[in-house]
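Subject: Structure handover

Hello,

Here is the structure I promised to pass on. Please open it first, then read the notes below alongside it.

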Amino acid sequence: MGLQKKQENLRRKSKLFFLICNLLWAGPLLFTLSACNSLDNQISASDPSHLSDQWKAHNEWWESIEDGDFALYVRQPEKSIQYFEQAIKQANSFGQADPRRAKSYVSLGRAYMEKSDFQKAHDALTKGLELQEKLHGKDSNELSGTLTDLALVEFNLHKLKEAKALSDRSIELKKVAKDSSGSSEMKYVRGLILSQSKDVKNEIVSENFESAIKDFSVDFENKKLLLDTVGLKNYANCLDRYSIWLSAQKQTAKVDTIKKKLESVERYLNEFETKS
């Protein structure tokens, strides 16, 4: 299958995915809009012209988010950054407490992660996390994904202590909520951090990497077209880091198997790489 055909299939599947998300989110959005102080003070929520303007603004914002996500799918981080920055500007018009602001900043942070611009990723994700905390509270499981992303960013900025604190917090929120989603990236980040800790047994490090790879592999085989390249790159980096760690521990028996998995993921990623 050629690149153009793959991109067409990807676009179609991602459109369906986002449509479902949009429909699921429509109810909470209506509640949010009807609860806005600006509606109470300026115009009734039942006014058709008002709803039309609100939905037009929402759809324009959602289109920016969707286009940014798609740019990430086809490995065009520069374009995705432009779309997400546009989404932030659009979301700012919805009010300081609107959840779309948090979504936009987190998306921008992940785009910078794809570009390996970890300082800018840190700034965007930190802002997104602050907004999420105001919206949901500091003990909400809604924060766990952003905490994991931020922990990975801190690790890449060589701030191991900060990375560990964020990772610990994410794991605890998931544990309390009994939520297993996003476990692959969470375990990968945990494995990275533990691999740099001198007082951790090799078995525990290996267990986290192996468990992360197992979860990543399931996602990769079953729904690769719905995974953005940040997630896919995390899978590739997990395999690469584990391979390096195994070699350093002289556990060469597993290295060849891990490298074959890595080659498969990188080959898939490279098929979608296009010039920005």
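Buried here means under 20% relative accessible area, exposed means over 50%, and partly exposed is in between. Ser116 has a relative accessibility of 41%, so it counts as partly exposed. Please keep in mind that this is a predicted model.

**Overall**

The chain has 12 helices and 0 strands. Read along the sequence, the pattern is α-α-α-α-α-α-α-α-α-α-α-α. There are 276 residues, and 46% of them count as buried. Take the contacts in the chain with a separation of 6 or more: 64% of them join residues 24 or more positions apart. The exposed surface comes to about 14800 Å². Carbon and sulfur atoms supply 51% of that surface.

Lys178 sits in the loop between helix 8 (160-177) and helix 9 (183-195). Is Lys178 buried or exposed? Its relative accessible area is 79%, so Lys178 is exposed.

**Helix 8**

Helix 8 has 18 residues, which at 1.5 Å a residue should span 26 Å. Its end C-alpha atoms are 26 Å apart, in agreement with that.

Which residues of helix 8 are buried? They are Ala163, Leu166, Ser167, Ser170, Leu173 and Lys174. The face turned away from the buried side carries Lys161, Lys175 and Val176, which are exposed.

**Arg190**

Arg190 is in helix 9. Its relative accessible area is 17%, so Arg190 is buried. Leaving out residues up to four places away in sequence, Arg190 touches Lys164, Ser167, Asp168, Ile171 and Asn208. One of these, Ser167, is also among the buried residues of helix 8.

**Aromatic pairs**

How many aromatic pairs does a search of the whole structure find? It finds 7. One of them joins Tyr188 and Phe216, and this pair is edge-to-face. The ring centres are 6.5 Å apart, with 65° between the planes. Tyr188 lies in helix 9 and Phe216 in helix 10 (residues 202-223), so the pair ties together parts that are 28 residues apart in sequence. Tyr188 is buried, with a relative accessible area of 2%. Phe216 is buried too, at 5% relative accessibility.

Phe216 also pairs with Tyr235, and that pair is stacked. The distance is 5.2 Å centre to centre, with 20° between the planes. Tyr235 lies in helix 11 (residues 229-248) and Phe216 in helix 10, so this pair ties together parts 19 residues apart in sequence. At 3% relative accessibility, Tyr235 counts as buried.

Which residues form one aromatic cluster? Tyr188, Phe216, Phe220, Tyr235 and Tyr268 do.

A ring and a charge meet at Phe94. The charged end of Arg100 sits over the Phe94 ring, 3.7 Å from its centre.

**Leu269**

Last stop: helix 12 (residues 255-271), where Leu269 is found. Leu269 counts as buried, at 6% relative accessibility. Residues up to four places away aside, Leu269 touches Arg75, Thr229, Leu232, Lys233 and Ala236. Ala236 is 33 residues from Leu269 along the chain. The C-alpha atoms of the two are separated by 9.3 Å.

**Where to look**

Then go to Arg190 in helix 9. After that, see the aromatic cluster that includes Tyr188, Phe216 and Tyr235. Finish at Leu269 in helix 12.

Best wishes

Terms used:
Residues are numbered from 1 along each chain as its sequence is written. This is a predicted model: local features need pLDDT of at least 70, side-chain atom pairs count only at pLDDT 80 or more; totals for chains, interfaces and linings use all residues. Side-chain values use heavy atoms; hydrogens and water are left out. Buried means under 20% relative accessible area, exposed over 50%, partly exposed in between (1.4 Å probe, protein chains only). Helices (H or I, at least four residues) and strands (E, at least two) are DSSP runs, numbered from the N terminus. Contact means heavy atoms within 4.5 Å. Accessible areas come from the Shrake-Rupley method with a 1.4 Å probe; for residues, only the protein chains shown count as cover. The expected span of a helix is 1.5 Å times one less than its number of residues. Rings of Phe, Tyr and Trp (its six-membered ring) pair if their centres lie within 6.5 Å; planes under 30 degrees apart count as stacked, over 60 as edge-to-face and the rest as tilted. A charge sits over a ring if NZ of Lys or CZ of Arg is within 6 Å of the ring centre and within 35 degrees of the ring normal.
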